[in-house]
Amino acid sequence: MGADHARIFAERLPAAEVCVICDADEARAKKVANDLGIADVARDAEATIARSDIDLIDICTVTDQHAPMAIAALQAGKHVLVEKAIALSVAEADAMIAAAK
């Protein structure tokens, strides 16, 4: 799913610049980055979120990682997109919404 999102950003949204592919599976990240002409890959989501050159984080992980990653990205001042399901519970979704305010 993340590769599809990256492809859409890279190919269909000319105002967007995909600057890094972050994936715990480095080989998969490198393949997606290579296919799309993206120079940078990362395995560490926290370090990626902390980068000052990133404005938006698109979260395409297993659902139990959506809330912690989204909250961390929001607290770092990033815009956040999350694939569905947004979270595992209403409480997690509410925490994500609160972090966005």
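A contact, as the word is used here, means that heavy atoms lie within 4.5 Å of each other. This is a predicted model, in which local features need pLDDT of at least 70 and side-chain atom pairs count only at pLDDT 80 or more, whereas totals for chains, interfaces and linings use all residues. Residues are numbered from 1 along each chain as its sequence is written, and side-chain values use heavy atoms, with hydrogens and water left out.

**First selection: M96 and its surroundings**

Select M96 and display its side chain; leaving aside neighbours within four places in sequence, M96 is in contact with H66, A67, A70, I71, L74, V82, I86 and A87. M96 belongs to the largest nonpolar core, which has 13 residues, and together with I57 it touches the most other members. A nonpolar core is here a set of buried Ala, Val, Leu, Ile, Met, Phe, Trp, Tyr and Cys residues joined through side-chain atoms within 4.5 Å, where buried means under 20% relative accessible area, exposed over 50%, and partly exposed in between, with a 1.4 Å probe and protein chains only.

Which elements give two or more residues to this core? They are β3 (56-59), α4 (66-75) and α5 (90-100), helices being DSSP runs of H or I with at least four residues and strands runs of E with at least two, numbered from the N terminus. If you colour these elements separately, note that α4 gives the most to the core, with 4 residues. Apart from this core lies another, of 7 residues, and a selection of A6, A29, A33 and L36 will show you some of its members. In soluble globular proteins, nonpolar side chains tend to be buried together.

**Second selection: the charged pairs**

Turn next to the salt bridges, each defined as a side-chain nitrogen of Lys or Arg within 4 Å of a carboxyl oxygen of Asp or Glu; by this rule the count comes to 5. Begin with R28 and D23, which form a salt bridge whose closest N and O atoms are 2.8 Å apart. Within this pair, R28 is partly exposed, at a relative accessible area of 47%, whereas D23 is buried, at 18%.

Now select D40, R51 and D53, which are linked in a network of salt bridges. The side chains of D40 and R51 meet at 2.5 Å, N to O, and this pair links distant parts of the chain, with D40 in the loop between α2 (26-36) and β2 (41-42) and R51 in the loop between α3 (45-50) and β3, 11 residues apart. R51 also meets D53 in a salt bridge, at 2.7 Å, N to O. D40 counts as partly exposed at 29% relative accessibility, as do R51 at 21% and D53 at 43%.

**Last view: the whole chain**

The C-alpha atoms fill a box of roughly 40 × 25 × 25 Å, taken along the principal axes. Buried residues make up 28% of the 101 residues in the protein.
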